[in-house]
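Student: Could you walk me through this structure? I would like to start with a pocket and then move on to the inside of the protein.

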Amino acid sequence: IPHLVARSTEEGGRPSIHPAHDSSAAERVGWMDGLGIDQALVNPGGYWQMIEFLGADRPRAAARCNAYLADQLADHRDRLLPVSVIDFSDLDVAVAEMARMRAKGSRAFFLYTEHGDPVNGISPGHPVWDKVWSAATDLGMIPVIHVGNTSARFDGWANIGWDEPGGAGIAGLLRLANTQRVQVAETLLNALLFGGVFARHPTLTVLLEEMRVGWLPWYVARCEGQTQPSLALGDWPFELSGGEFLRRNVRITPLPGFGDRDALDVMAVLPEMVVFSSDFP
């Protein structure tokens with residue numbers, strides 16, 4: 001943030017990562033037409049990263065954010081599909097909000113951690129979450145694991161002396177934090193895979209957004225091996241192996257412009273898991 005503020009002071013205007021431009025639903029659809037993109041999932045603004053810091057107002061705040069995004073895209077709701085922010089502190093309320101937003105054109109919602117922990121301390125792989133996954137498949141909605149929603153727990157580990165003489169500074173702390181994102185994504189996928197969610201909900205599709213892609217082949221191979229029968233662990237209780245579940249139920253979006261330079265290599269190994277993406281602002 002200090003770097004963005006300093007740059008905005010020099011150049012004028014408000015602090016922003018993206019250059020200022022006139023954005024609208026019509027402008028976005030025109031851009032899509034030029035590239036041959038039929039439909040797009042549209043993420044909300046940065047407010048969706050703040051949900052874990054809200055208190056009792058979380059359900060109402062999330063609903064207002066969702067309504068705002070849906071209203072901005074309403075003129076082209078057949079092609080611009082909102083990604084909803086769902087408060088999972090009450091799963092019945094969450095399912096109702098999913099249905100409300102699906103009626104407004106939403107086809108996806110964020111799956112997230114709270115400071116690295118599952119919401120309410122209950123893993124999304126637990127059967128009590130099945131009402132959410134059933135709603136997702138019935139409504140035709142995709143849970144999205146986005147890099148901005150994979151916050152990790154840093155108790156003790158972030159005490160690296162970043163603010164001491166010779167330390168890496170706040171930028172070093174942020175770089176450390178960003179290395180944990182893939183680990184949290186793996187934790188969420190592990191919960192769904194080993195909790196049996198993919199077995200109970202075979203048509204559920206989970207999308208990984210901006211999580212980099214180089215780690216995926218190793219992870220799929222690791223889960224494949226982990227679910228093979230063994231003397232120590234016994235039989236795997238489900239018909240499909242871990243790798244088969246992941247290849248069927250998980251998709252990932254590479255962003256070569258943000259450093260996914262091995263995207264083609266990953267696509268060659270796991271072609272069924274890689275889907276097109278763009279971070280056009």
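This is a predicted model: local features need pLDDT of at least 70, side-chain atom pairs count only at pLDDT 80 or more; totals for chains, interfaces and linings use all residues.

Tutor: By class, the residues that line the second largest pocket are six nonpolar, six polar and two charged.

Student: What volume does the second largest pocket have?

Tutor: The second largest pocket has a volume of about 160 Å³. It is lined by 14 residues, and the closest to its centre are Thr-113, Gly-116, Val-184, Thr-187 and Leu-188.

Student: OK, now the inside: how many residues are in the largest nonpolar core?

Tutor: The largest nonpolar core has 52 residues, and those with the most contacts inside it are Phe-88, Phe-109, Trp-133, Phe-198, Leu-208 and Leu-246. Helix H7, residues 181-194, gives the largest share of this core, which is five residues. Apart from it lies another core, of nine residues, including Met-32, Ala-40, Val-42 and Leu-80.

Student: And which residues does Leu-246 touch?

Tutor: Leaving out residues up to four places away in sequence, Leu-246 touches Leu-193, Phe-198, Tyr-219, Val-220, Cys-223 and Met-273.

Student: Switching to backbone angles, what is the phi of Asn-120?

Tutor: The phi of Asn-120 is near 60 degrees, a positive value in a residue other than glycine. Most residues other than glycine have a negative phi. Asn-120 sits in the loop between strand S3 (108-110) and helix H5 (130-139).

Student: Where is Arg-212 found?

Tutor: Arg-212 is in the loop between strand S5 (206-209) and helix H9 (216-226), and although Arg-212 is not a glycine, it has a positive phi of about 60 degrees.

Student: Why is Arg-212 called partly exposed?

Tutor: Arg-212 is called partly exposed because its relative accessible area is 45%, whereas buried means under 20% and exposed means over 50%.

Methods. Residues are numbered from 1 along each chain as its sequence is written. Side-chain values use heavy atoms; hydrogens and water are left out. Helices (H or I, at least four residues) and strands (E, at least two) are DSSP runs, numbered from the N terminus. Buried means under 20% relative accessible area, exposed over 50%, partly exposed in between (1.4 Å probe, protein chains only). On a 1 Å grid over the protein atoms alone, a cavity is a set of points where a 1.4 Å probe fits but cannot get out, and a pocket is an open set with protein on both sides within 12 Å along at least five of seven lines; lining residues have an atom within 4 Å of a point. Grid points are joined across faces, edges and corners, and a volume is the space filled by probe spheres set on the points. Ala, Val, Leu, Ile, Met, Phe, Trp, Tyr, Cys and Pro count as nonpolar, Asp, Glu, Lys and Arg as charged, and the others, Gly among them, as polar. A nonpolar core is a set of buried Ala, Val, Leu, Ile, Met, Phe, Trp, Tyr and Cys residues joined through side-chain atoms within 4.5 Å. Contact means heavy atoms within 4.5 Å.
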